[in-house]
Amino acid sequence: MKLNRAQLDVALSKVKPGLEKGKEYQEQMKHVFLDGDDIATYNDHIAILIPFKVDFKTSVRFEDLYKAVHDSLLSEEEIDIYMDGTQLIIESNNTKVGLATIAYDEINATLQSIKDQLPNDENKNKWIPLPEDFTVGVGLCVFAASNNMMQKGLTCIHVTNECLEASDNCRVSLFNFGKDAFDGKKLDFLIQAEDAKELVKFPVVDMCLSKSWCHFITEDDIVFSTKLVKEDYLGFTHIFTDRQETIDVEFPASLKDKIEKMLFLTEGDTQLDKSVEMEICDNTLTCKASSDRGWVEQTVEIVYEGEKRNLCLNPIFLSQVLSETTVASIGETRSYLQSGSFQHALMHIIVMD
């Protein structure tokens with residue numbers, strides 16, 4: 001059959017996040033699936049399906065097909081693509097490519113099971129409309145989740161009908177929705193933050209829940225399914241409702257860049273270990289980073305005439321949140337930052353004498 005090469009190229013680019021990235025994997029988790037109606041990828045925790053009509057069913061290694069279509073090996077806009085025995089053949093005027101395929105196995109059955117869970121024309125009311133700022137909220141919260149898989153639930157985004165939240169026990173991000181969010185449905189589930197980083201690349205508008213998966217869909221029927229995480233989650237909204245007594249300070253826009261340039265002299269083997277000392281006094285903010293290799297100190301002007309405050313903060317975490325807001329409410333053991341519906345709490349590092 002004849003296909004538009006550019007359309008196939010775009011579809012392949014969009015399903016790429018569903019590939020397995022690790023070294024240990026089933027071979028077909030590195031494959032792209034064409035079942036006649038959709039083009040899809042699956043890696044045990046993400047499945048992505050895009051409507052794409054072909055007149056055959058097969059599974060082929062993604063990178064091989066992508067390079068043949070995306071790189072200028074096949075340069076014509078219209079290509080022929082068909083099955084010849086166990087090979088997928090792609091032809092243009094002057095080029096012919098044959099790619100080895102694998103017959104459908106249990107992964108195809110899993111993908112079909114996921115498709116069967118999606119609402120159809122008869123029960124389409126099972127799709128739950130997402131708040132317009134849903135992916136914005138996910139994008140703002142996702143960096144606060146832990147990347148240490150031993151922390152289980154803390155590696156997730158917690159989704160409720162009222163808010164999104166994430167925390168690694170050192171910082172908390174919270175994004176609040178209005179009362180009528182999610183069409184009034186009551187929600188309470190976890191999805192992996194690493195999966196959520198891929199989800200925000202898709203302009204999803206509706207979602208539905210099945211026993212083990214959460215399915216999101218775009219207006220042009222691209223489906224992004226992510227496996228639910230079955231862990232207890234205590235929740236962190238109390239961090240913001242039971243706020244400490246604070247003072248408000250507006251950081252200069254230049255602080256983010258200055259902190260990032262100090263990182264090379266911050267002590268600590270991991271992100272969690274790093275810290276900078278901050279002193280707020282007499283309309284100045286002084287930041288100091290040090291290690292056994294040396295130290296660096298920078299001073300910036302701020303508006304502040306209160307008593308001297310000394311903080312010890314993680315510079316990487318602070319830099320990330322300064323991308324969204326520069327106004328901080330500083331308490332005894334934590335600082336709060338807010339921008340619209342987004343709130344962030346950053347725990348101070350306690351320095352023992």
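**Strands, a helix and an exposed loop residue**

User: How do you know that E9 and strand E14 pair?

Analyst: Two bridges join E9 to strand E14 (residues 204-209), and the two run antiparallel. Pairing takes at least two bridges found by DSSP, so E9 and E14 count as a pair. Pro129 stands opposite Asp206 in E14. By the way, this is a predicted model, where local features need pLDDT of at least 70, side-chain atom pairs count only at pLDDT 80 or more, and totals for chains, interfaces and linings use all residues. Residues are numbered from 1 along each chain as its sequence is written, and side-chain values use heavy atoms, leaving out hydrogens and water.

User: Why is E9 called an edge strand?

Analyst: Eight strands make an open sheet, ordered E5-E2-E3-E4-E16-E15-E14-E9, with antiparallel pairing. E5 (58-61) and E9 (128-129) each pair on one side only, which makes them the edge strands. A strand is a DSSP run of E with at least two residues, and a helix is a run of H or I with at least four, both numbered from the N terminus.

User: What makes helix H2 pack on the sheet?

Analyst: Helix H2 (residues 62-70) touches E2 (31-34) and E5; contact means heavy atoms within 4.5 Å. The direction of H2 makes about 80 degrees with that of E5, on a scale from 0 to 180 degrees between N-to-C directions of lines fitted to C-alpha atoms, for helices over the stretch in contact.

User: Why is Asp282 called exposed?

Analyst: Asp282 has a relative accessible area of 57%. Exposed means over 50%, buried under 20%, and partly exposed in between (1.4 Å probe, protein chains only), so Asp282 is exposed. Asp282 sits in the loop between E18 (276-281) and E19 (284-291).
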